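Here's a quick briefing to read alongside the model. Have the sequence and the 3D view open as you go.

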Amino acid sequence: AKAKAIRAIECEEEEETETAHVVPSQEISSVVRDLTDRLENMRTCYDLITKHGAALQRALNDLETNEEESLASRTKIVNERATLFRITSNAMINAGNDYLHTAEVQGHKWSKMLHHEREQRQRLEEIIEQMAKQQSQMEQAAVLVRQNKPVPSSSGAGTAGSLVTSDEEMEFFDAEEHGYSGSGRSPESPDRERGTFILKMNKRRSSSEDQVEGHLEGSSSESDEQKRTVQTVQQVCLVSAPRVASGGQGDDDDVDKALPAKQSTDSIYGRNWNPELIKKRRDRVPDKPNHPISLWGIMKNCIGKDLSKIPMPINFNEPLSMLQRLVEDYEYTEILDYAATCQDECEQLAYIAAFTVSAYATTTNRTGKPFNPLLGETYECDRMDDYGWRCLAEQVSHHPPVAALHCESKNWTCWQEFSMTSKFRGKYVQVNPLGGVYVQFPNSGRRYSWRKVTTTVNNIIVGKLWVDQHGEMEILGSQAAQGHKCILNFIPYSYFSRDVQRSVKGVVMNKDNEVKWVVRGTWDMKIEIAPVLSTSGSASSPTYTTGEFKLAWRRRPAPPDSDKFYNFTILACQLNEEEEGVAPTDSRLRPDQRLMEQGDWDESNKEKLRLEEKQRTERRRRENEAEEAAAEGRPYPAYEPMWFKREKEEGSEE
């Protein structure tokens, strides 16, 4: 498995290196335009040669037949015609040379691009052939299992047991989660009890000051800026302080007792429980119909491409817009409400870290793709009656697709710009979010910002889709919280790891880069935080003694039978509920999305194609108008969003 993983990484790096040298589509378009212009010049020269050649021929005929005029005047006319013919002939030769030179220079790049595409298609065919053989073997094995016959071993596909069954027949259970508290641990695992892990401190210099960035082991691929960092590795040991004796033995009992008064187990399910004040909303959507479709039949031509530019049928969607999906980030804003009451910056930052993790809670079983918003599409959501916030989102750019969102509550304001790059790599899709997320606490003047981590959707071709979150998240304080930061590491899923899967580990540092709080948990279930009471040991191998861990966030249970309606949470079910008085550009009024929710998928696909073609037509119209304006030397106004404006973020280059 290790060797295969290394080979896969090397193949991906080689593929990315080759792709970097491939001619971009914009350059191809410019070259084609250049060649077209040069060819038009050659045609003009040809017309001139024909014209001046005919004039020269007429002058020579006149020289032979016209005897009345003097020989000098007739010779002068012939010389003028010959001179014009020579000039146009030379222009034709020069234009031909320019065309030939440009074609030869670009021909090498195009042949290299064609060779790369041919090799990529060949590798893809080999992968498909191998997977088809493995699938055939698994089907044969499944038949033998049904017939209670022994399954022969196969050298082609490695099996992890004596029997092979299909996903539909085998029932899977989650492994027992190891408790985080001291009770119930095995005495044979002192490292697990003491909470040992690796902490890497990345030192880098920004334009204004040195920044120290720490992250836990297991981070994903680093950005170019991170690759330039100087890294020192520290072996960190966490030791929990002795607990106050209590009757409860379970982890959950201990954790619930550590909850702050404002965040009791009742209040984490909502802000307002007065039935007279809460608006009545639905708690489910119509069941998802069964419309099987071959994903590979569509995705085979998408290898290496940006998925945001590929038209996809709604069979892979969920009846929500990307704008509505972003609003789901604020399902657990009671964490921000409590963070607003924290006096200590580091404790406040620890709760913000828990809030950032909570945004990924539903991605474990939500594999549907949201609808790409149309340019100018908006979504307004007012939940002041129960959640205590209201927000507005708008699609502010089409290519690249960019969404802007603003959410405000009584004690905090949050906003973000969301864009992403996505690549299909054959067996998985990797989504890299772009743009920052900000939260402001007006009472204290503190502000924090962060960027989302990488999302990978696995088993695109064969098997059950599953999602993993991995990478490093750095939450930076600014204004009144300047200098404080939190480093969170989302550990990549590993079949061979003995640690709890989907785990998140992190630390909160003050202005002096001293670790003050520890964050740990899983991004699909819960996050716990604990203060650091003391630090001992050497600088390269410190030991942090922490207080009791308290629950900062726990995922709410899913609605009954949610697997029948896209694995939606109750909030997700309510986001697309029809509502009067919304803007005509609101996502709730989008017809293809509404038809999908109602189960009319055929009509929804037709409507989706109509809307996308309408948007492409509008984009081409604006591009043509922009070209005409440029040719005439006059400015052409860029697209302006309705509710947002583009500004430079204070204190940054964003």
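What follows is a short tour, from the whole chain down to single residues.

This is a predicted model, in which local features need pLDDT of at least 70, side-chain atom pairs count only at pLDDT 80 or more, and totals for chains, interfaces and linings use all residues. Residues are numbered from 1 along each chain as its sequence is written, and side-chain values use heavy atoms, with hydrogens and water left out.

**The chain as a whole**

- The chain holds 13 helices and 20 strands; these are DSSP runs, numbered from the N terminus, with helices being H or I of at least four residues and strands E of at least two.
- Of the 654 residues, 41% are buried (buried is under 20% relative accessible area, exposed is over 50%, and partly exposed is in between, with a 1.4 Å probe and protein chains only).
- Take the contacts with a separation of 6 or more: 61% of them join residues 24 or more positions apart, where a contact means heavy atoms within 4.5 Å.

**The annotated coiled-coil stretch**

- UniProt, in an unreviewed entry, lists residues 114-144 as "coiled-coil region"; its positions are given in the numbering used here, feature names are shortened, and annotations may be inferred rather than shown by experiment.
- In the model, residues 114-144 are 100% helix and 0% strand, and the end C-alpha atoms of the span lie 45 Å apart.

**Cavities**

- The model has 5 cavities of 30 Å³ or more. A cavity is a set of points, on a 1 Å grid over the protein atoms alone, where a 1.4 Å probe fits but cannot get out, and lining residues have an atom within 4 Å of a point.
- The largest cavity comes in at about 110 Å³; a volume is the space filled by probe spheres set on the points, and grid points are joined across faces, edges and corners.
- Its lining has 11 residues, with Met322, Gln395, Pro401, Phe418 and Met420 nearest the centre.
- Two elements, β8 (402-409) and β9 (413-424), each give two or more residues to the lining of the largest cavity, and β9 has the largest share with 3.
- By class, that lining has 7 nonpolar, 4 polar and no charged residues (Ala, Val, Leu, Ile, Met, Phe, Trp, Tyr, Cys and Pro count as nonpolar, Asp, Glu, Lys and Arg as charged, and the others, Gly among them, as polar).

**Strand β12 and its partners**

- Strand β12 (residues 446-450) has 4 of its 5 residues buried, so it is largely enclosed by the rest of the structure.
- On one side of the pairing list, β12 runs antiparallel to β11 (residues 437-441) over 5 bridges; two strands pair if DSSP finds at least two bridges between them.
- Valine 439 has tyrosine 448 of β12 as its bridge partner.
- The β11 and β12 hairpin has 4 residues between the strands, and glycine 445 there takes a positive phi near 75°.
- β12 also pairs in the antiparallel sense with β14 (residues 466-479), over 4 bridges, and arginine 446 stands opposite glutamine 479 in β14.

- The peptide bond from histidine 399 to proline 400 is cis, with omega near 0°; proline 400 is in the loop between β7 (389-397) and β8.
- Arginine 502 isn't a glycine, yet has a positive phi of about 60°. Look for arginine 502 in the loop between β15 (485-490) and β16 (503-509), partly exposed at 24% relative accessible area.
- Asparagine 513 also has a positive phi, near 60°. This asparagine 513 is in the loop between β16 and β17 (515-522) and is partly exposed at 31%.

Notes:
1 Å grid on protein atoms, 1.4 Å probe; cavity = no way out; pocket = protein on both sides within 12 Å on 5 of 7 lines; lining within 4 Å.
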